[in-house]
Amino acid sequence: MDRRSEADIPENDGNGAPGAVKAVREGLKDEVTLQIGGMSCASCAGRIEKALAKLPNVSSEVNLALNSAHITFDRDQTSVGKLADTIRSAGYSVADESRSFDIDGMTCANCALRVEKALSKLPGVTEASVNFALERADILTLPGQVGDADVIAAVEKAGYHAVSRNKSNPIDGQGSDKTGFDKSLMWLGVSIVLTVPLVAQMIWMYLGVDFHLNPWVELALATPVQFLIGWRFYRGAWMALRNGSANMDVLVALGTSAAYFLSLYNMLVAGHDGQTHLYFEASAAIITLILAGKIMEERAKRGASAAIRELMALRPRRARKLDQAKGEIEIDIAELVIGDIVRVLPGERVPVDGKVSAGESELDESLITGETRPVARVPGDRVVGGAVNGTGRLDIEVAAIGEDTTLSRIIRLVEQAQTGKAPVQKLVDKVSGIFVPVVIVIALVTFGGWLFFGVGIEASIVAAVSVLVIACPCALGLATPTALVAGTGAAAKSGILIRNFDALEQAHNVDTVIFDKTGTLTEGTPTVRDIIPGEGTDKTELLRMVAAVQAASEHPLARAVVDTAWKQGVKVPDITDFSSKTGSGVQAMVEGHKVVIGSEAMLADLDIALPEGGLARQITDHEGRGQTVILAAIDGRFAGFITLEDRIRASAKQAISDLKARGITSIMLSGDSEDVAAYVAGQLGLEQGRGRIRPQDKAREVEKLRKNGRHVAMVGDGINDAPALAAADVGIAMGGGTDVAMETAGITLMRSDPALVAGAIDVSISTRRKIAQNLFWAFAYNVIGVPLAAFGILSPAIAGAAMALSSVSVVSNSLLLRRWKVRGE
């Protein structure tokens, strides 16, 4: 993807892309090949080429066979990200891969912006996001186009240091962070020791004690603080200026240098008589206070992201594998494969996701699901890695390893949310980008204004220094990400996983919640209550034929029927020609007979006569008691029905009550009959309960409510809920549900408790409120502090202290979110 001249490119490169030559003749060009998904015919290729042709100075050759697009473009006019967005807007997908890096050396929001810009310019990077609070960069790249070394080199060139998180466990890097933190503490200690005598003489002077250090002693104390301990500010300022931008380091370097060299000038020119006009204590105090503030800020930032580190710490590194030949052996987790048996002793953490094969115990899953009470586990039960075993010994069959485990997925989801940016952050980034230059202009105006009014050059410099050191872009840069990190971390500890900021942003607006019934408001484990055969059909024969067809389905109702057949000793025959109609029913051939199972609508569509008289009244009666009825037909004739009951979750009624107390309307949509839906809605106190709703109808209902101005959250757990979850303003998946539901939803509840829905809305409101508070104080601090400094009301040392404390106060305010818990817990 390097720029190449016409001479470097042959007329025909053998790949049928002569258009590239013409484009290169128009000027220097960049080239990229994108892998495209979703193309099905030649018209798709033409559609993509047409869409790309609308961009300035772009030519493309789309290869349907290779599912790729070779594009020649001018990077000064169009970015790779813009090319990818254009293809996506045309209705196709562009393959990309995500990469993450730890960034060291950033001191304010401007630094994060500079790293972001540097990464965005890399060929093959479609999106870059740098989180100042987490000191982390996340990028999306085209496969094979960008390596870790390219990214690290770009970050180094921008003046910072990057470490890849892509090939090692992120938790492994914590040791180096601690080492850096310890070094900072050491330098702060030295700085305090050197600064205290300088500040002490100023305090004595205010107390009326005539005590002054020798000017040469002051110089000896201040110089190492200024140039040794303060070197980090000079280095940061130089890197920023070299890259055409300005950050907090520029302000600190300018301000302290002005105070130091003014003092040096006064000392050399005025001699001992000039000692009262020395400002060495101001420059040293500013550096010491800002360094102390940075250390406090780092501690607070680590506190905000404590939840993710706690989750990472749950990952065991070793496991006891039961080997037939060697017995019990201890091995590294990475050596396990699916199907292995591992043994977990009392008090140990479960190393992997799996199924209990032997033993009984209770597990503490609180840090994973938010469930505060231990849960019993017996053979056949599922367990999650990271849970703490109780008093029993368990043998567990490995079901998932590595990045596929529940814990790894949780960590990915939380990290994904924490690295996002709120829409308001984009505005803050723009403000931060011009903040430092504006402050420098204000400092120059302050200097000129004081000179104009004849107060002397010395007082003018002091006022300008105060302006430079009180202005703080850090508080602005930390306001949003620290609240986001703390809020999503607190939510995760309560069993609420927020995948992205869009979900958090929208959740506080929700005024209508739509619930799926089965597995959401009910337990999702229905049991057979009655088997009612029709005329000419035997009860056992009806169960046998229905169970045969249902054995091919994964639906909870189907599993309940099959389980009943096994318990009653009914032999389930094989089937052929199985087919299903989502939301309606299934059919198959069983021993030469066509068996249809489903709703009245499905039987009617197949021209099968529905039951009348007593059977019809029985069906209505069962549905009126909240039982689900599945109808069966054999060879085109109604053969009977089976009723099932799915118990309402214990917390469902309280969940609806909690939402109602917040002024939120609750609606239930179910595939069951209208009678069943009405019964459950009545039991729970729902505003509305509708039955006979097919999966596609759920998404339509969501869209209809949204068009009417409602802000809708959809809560579900199954594959058939995925379209509605995607269509809603906020999709909320129950953690006990399918992977498809969890991947589609913006919020996942790690335990199947509908009461957490209100909690998800609450944490959204709390996080947004905290962001608003932080931004208000960050802006207010600068709006008030800079004029006070300009008018000489604040001395440079006090201004430096205020600057240091502003960031600490913002982060500390965010930390209050760590106390957040779901109401009632």
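I looked up Arg647 to start with, and it came out exposed, at 57% relative accessible area. My cut-offs: exposed is over 50% relative accessible area, buried is under 20%, and partly exposed lies in between, with a 1.4 Å probe and protein chains only.

A note on what I'm looking at: this is a predicted model, where local features need pLDDT of at least 70, side-chain atom pairs count only at pLDDT 80 or more, and totals for chains, interfaces and linings use all residues. Residues are numbered from 1 along each chain as its sequence is written, and side-chain values use heavy atoms, leaving out hydrogens and water.

**Salt bridges**

What does Arg647 pair with in a salt bridge? I found Glu523, at 3.4 Å from N to O. The pair links distant parts of the chain, 124 residues apart. Arg647 sits in the loop between β25 (637-645) and α23 (652-661), while Glu523 is in the loop between α18 (517-521) and β20 (527-533). Helices (H or I, at least four residues) and strands (E, at least two) are DSSP runs, numbered from the N terminus. Glu523 is partly exposed, with 32% relative accessibility.

I had to check the rule: a salt bridge is a side-chain nitrogen of Lys or Arg within 4 Å of a carboxyl oxygen of Asp or Glu. The idea behind it is that side chains of opposite charge can pair when their charged atoms come close. I got 23 salt bridges by this rule.

Next I looked at Glu701 and Arg690, whose closest N and O atoms are 2.8 Å apart in their salt bridge. This pair also links distant parts of the chain: Glu701 belongs to helix α25 (residues 695-707) and Arg690 to strand β27 (residues 688-690), 11 residues apart. Glu701 is buried at 14%, whereas Arg690 is partly exposed at 26%.

Then there's a network: Arg320, Glu328, Arg343, Glu348 and Asp395 are joined by salt bridges that share partners.

Are Asp138 and Arg136 buried or exposed? Asp138 is buried, with 16% relative accessibility, and Arg136 is buried too, with 8%. They form a salt bridge, with 2.8 Å between the closest N and O atoms.

**A nonpolar patch**

Last, I found Val783, Ile784, Leu788, Phe791 and Ile793 in a nonpolar patch on the surface, with about 530 Å² of accessible area together. I placed Val783 in helix α28 (residues 756-790), and Val783 is exposed at 57%.

Terms used
Patches are made of residues with over 30% relative accessible area and no salt bridge: like charges are joined within 9 Å, nonpolar side chains (Val, Leu, Ile, Met, Phe, Trp, Tyr) within 5 Å. Accessible areas come from the Shrake-Rupley method with a 1.4 Å probe; for residues, only the protein chains shown count as cover.
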